[in-house]
Amino acid sequence: MTSNAEAVASAERAESRGVVKAMEAKTAARPRDPSFILRVASAVIFLPLLVLMARVGGLLYLGFTLLFIGLALREFYLMMAAKGLSPHWKSGFLAALLFPVGIYARLRTHRTEEWHVAGLLTVLLVGMLLAELRRGASKQTLVNTSSTLLGALYIGWLGSHVVALRELPATLHLPYGVGMSFALLPFFLAWTCDTVAYLVGRAWGRHRLAPGVSPQKSVEGAVGGLLAAVVAAAAARLWFASYLSWGAALVLGVLVGVFAQLGDLVESLLKRDAETKESSSLIPGHGGVLDRFDSLLFAAPLVYYYLVGAVFGR
């Protein structure tokens with residue numbers, strides 16, 4: 001009897017150890033992400049500042065746009081340099097920073113034509129080619145000029161729509177305060193999409209979305225992010241964007257839910273080509289400025305042209 005009891009007790013202990021090991025293995029398979037707390041802390045600090053700057057608008061919001069474009073472009077050109085390229089920093093920065101300044105001046109004076117784009121592109125192109133001529137014959141002339149132009153357009157031109165949204169009411173003959181809502185809309189939709197996609201992917205991600213570009217992103221996370229963007233658009237319509245009809249809000253949510261994630265994948269593609277994990281470590285828990293604003297670079301122009309064309313019909 002004693003032997004049988006001991007055998008049963010031994011079997012139970014072995015079974016318990018097996019269960020514990022299985023649970024430990026399951027936990028180890030999905031480790032905790034220490035960056036999540038840093039992400040939350042960064043958001044708690046930055047979001048009130050963003051709301052304040054969007055509320056004030058004017059030169060303060062222009063300065064914020066210039067700051068994020070400048071930092072993101074620096075990270076981009078450093079990635080290109082890590083690949084052995086030599087982008088023309090001066091020409092690229094000049095054009096990228098003048099894009100938002102030109103848009104700000106145009107909208108402040110109620111002009112509709114993009115007069116500054118043609119001039120900036122002309123100066124940028126001629127400046128790059130003359131700078132490359134000064135360097136002398138090189139097998140990288142084409143890629144050096146191409147990387148410079150890509151950075152100026154990808155970050156400078158797309159990013160300039162952040163300030164364009166804040167200054168849009170003047171062109172639409174609306175009160176200037178409405179621009180706060182315009183400015184916050186792409187942040188609210190894109191970052192809600194990013195956050196939920198990240199959380200859903202961490203919890204339930206099983207099927208890789210684009211393993212050759214970003215192995216950590218999952219189909220489940222992408223679907224969660226898309227649905228979250230639609231819900232966020234509906235919430236925005238009730239909360240601070242009453243100028244959106246229900247149909248317009250839902251369509252905008254779908255569009256941002258798709259293109260914000262495409263913007264994230266585009267930056268992942270660039271980082272993979274440059275063989276780097278993050279554009280920098282400037283923002284705790286997020287990496288670099290480009291890592292944090294990659295989805296916004298696609299979302300801000302989308303929201304801008306959607307408001308102008310589909311919502312207000314200008």
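1. A quick word on terms before we start: helices (H or I, at least four residues) and strands (E, at least two) are DSSP runs, numbered from the N terminus. What you have here is a predicted model, in which local features need pLDDT of at least 70 and side-chain atom pairs count only at pLDDT 80 or more, while totals for chains, interfaces and linings use all residues. Residues are numbered from 1 along each chain as its sequence is written, and side-chain values use heavy atoms, with hydrogens and water left out.

2. Let's take the overall layout. The protein chain holds eleven helices and two strands, and from the N terminus on its elements run α-α-α-α-α-α-α-α-β-β-α-α-α. Of its 314 residues, 45% are buried (under 20% relative accessible area; exposed is over 50%, partly exposed in between; 1.4 Å probe, protein chains only).

3. The largest nonpolar core has 64 residues, and Tyr61, Phe76, Ile155, Phe187 and Val256 have the most contacts inside it. Such a core is a set of buried Ala, Val, Leu, Ile, Met, Phe, Trp, Tyr and Cys residues joined through side-chain atoms within 4.5 Å. Helix α11 (residues 289–311) gives the most to this core, with 13 residues.

4. Ile155 deserves a look in your viewer. Leaving aside its neighbours within four places in sequence, Ile155 is in contact with Ile69, Ala72, Leu73, Phe76, Leu150, Ser160, Leu290 and Leu297. Ile155 is one of the buried residues of α6, which also include Asn144, Tyr154 and Trp157.

5. As for the geometry of α6 (residues 141–159), its 19 residues reach 26 Å from first C-alpha to last, close to the 27 Å expected at 1.5 Å a residue; the expected span is 1.5 Å times one less than the number of residues.

6. Apart from neighbours within four places in sequence, His161 is in contact with Ala300, Pro301, Tyr304 and Tyr305.

7. Finally, the outside. Val123 lies in helix α5 (residues 115–135) and is exposed, with a relative accessible area of 52%.

Key: Contact = heavy atoms within 4.5 Å.
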